[in-house]
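Take a look at the model below, and then we will go through the pairs together.

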Amino acid sequence: MSRQVTKTALSGMIVIAALSGCATTTAEPKPTTAAAVTDFVTPIEPTWTIDVDLVGKPIYQNGYVASYVAAADGALNVIAWDATSGVEVWRDVAAVGAATQGVVVNLDGLESGGKSFVTYLSPIVGDDSGWTELVIAEIGSGISTSITNNMVWATQRPAACADDIAVCFTGFLQAAHDADKAKFHVDPKGGTIVADTDVVMPAKARMLNDRLFSTNARTPDGVEELGYSADGAIAWQIPYSDIFAEGYSSDGGWNWDLSASAIRAVNVAGTLSLVNALTGDVTDLPDGAIFACGQYRDGFEAMQQSSGDVFAYGSGYDEFPCTSDLVAIEGTAYSAGAVRMGGLETGENTFVIGGASGLSSYTLLD
């Protein structure tokens, strides 16, 4: 997968949500002392780095980091590494399924029954019909849960249900392929895929994630609506543009995320400062501060099961060290502040960052 990029921005690590001017209608918060700020200047080198082409965001569970990876042979893989050493523990071939290519291909995991799992689709060797195997594997070993009727046609990649105990997806079961598309879930302990009667949605609507759906109506004949389902009924359903803005649609893909720090770097009255979005506290930044910028990866190319055509799927973004004005800093060293706000925490004062150079782990001293 190429590392060429189409867009660069301070990652909202992404910590840095915006660098544009920010007008206020109330009294400006007073700056706090510099002593209260994590070090944003001293560079910290990684304790280990793995040269891989990541697809989507890595996840961490129970001492292990896992992610989708674009393998050298062009296939999509799931790989798990020991978070302390960076040693690869296991890998498996994965499939994108029949989900829209506008959604970033992110691996998902869950904690269920005292165990940690990752869940994904795996292609069937020698079968190009489009059916895939639903996999729920222990993150530390790759051992798969035994699932009956596990051949699925998934129009939404499997992910943890809202209860964080079972795995949910939308699509069809091979065992009942003549049935209508439905929402399914499977508890790793039980190992049987069953219809999820707790979730309902209008005809021709599509599930965006567990319980959230969008309708199929489009202008000028209708209005796309966003809805939420629970307890076997639709709890609410309102125009999609009322949530976002006029012209927005789920057709453009969706990647709603809450992985961001409350502390953001913002241009306040011409000066780049740290702003705590929860308290309003503002702290001036020193010269030479090191941030983390994000550059969008080229799409991961794979065959869509629903059509047999090859599409470029959203594969997320790479991180790289940068200055506050988005200028790249050579190497893989970040400041402690950038690591803490933008990295994925894997233990006390340890974080991993998925960057242009691969997957790296950082240990902070404070």
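Which residue forms a salt bridge with Asp 318? The partner is Arg 297, with the closest N and O atoms 2.8 Å apart. A salt bridge here is a side-chain nitrogen of Lys or Arg within 4 Å of a carboxyl oxygen of Asp or Glu, and the count by this rule comes to 6.

**Ground rules**
- This is a predicted model, where local features need pLDDT of at least 70, side-chain atom pairs count only at pLDDT 80 or more, and totals for chains, interfaces and linings use all residues.
- Residues are numbered from 1 along each chain as its sequence is written, and side-chain values use heavy atoms, leaving out hydrogens and water.

**Asp 318 and Arg 297**
- This pair links distant parts of the chain, 21 residues apart: Asp 318 sits in strand β25 (residues 317–322) and Arg 297 in the loop between β22 (291–296) and β23 (300–303). Strands (E, at least two residues) and helices (H or I, at least four) are DSSP runs, numbered from the N terminus.
- Both Asp 318 and Arg 297 are buried; that means under 20% relative accessible area, with exposed over 50% and partly exposed in between (1.4 Å probe, protein chains only).

**The network around Arg 218**
- Salt bridges with shared partners join Arg 206, Arg 218, Glu 224 and Asp 251 into one network.
- Arg 218 meets Glu 224 at 3.5 Å, N to O, and Asp 251 at 2.8 Å between the closest N and O atoms.
- Arg 218 and Asp 251 are 33 residues apart, in the loop between β16 (212–214) and β17 (225–230) and the loop between α1 (240–243) and β19 (263–268), respectively.

**Accessibility in the network**
- Glu 224 is buried at 7% relative accessible area.
- Arg 218 is partly exposed at 23%, and Asp 251 is partly exposed at 47%.
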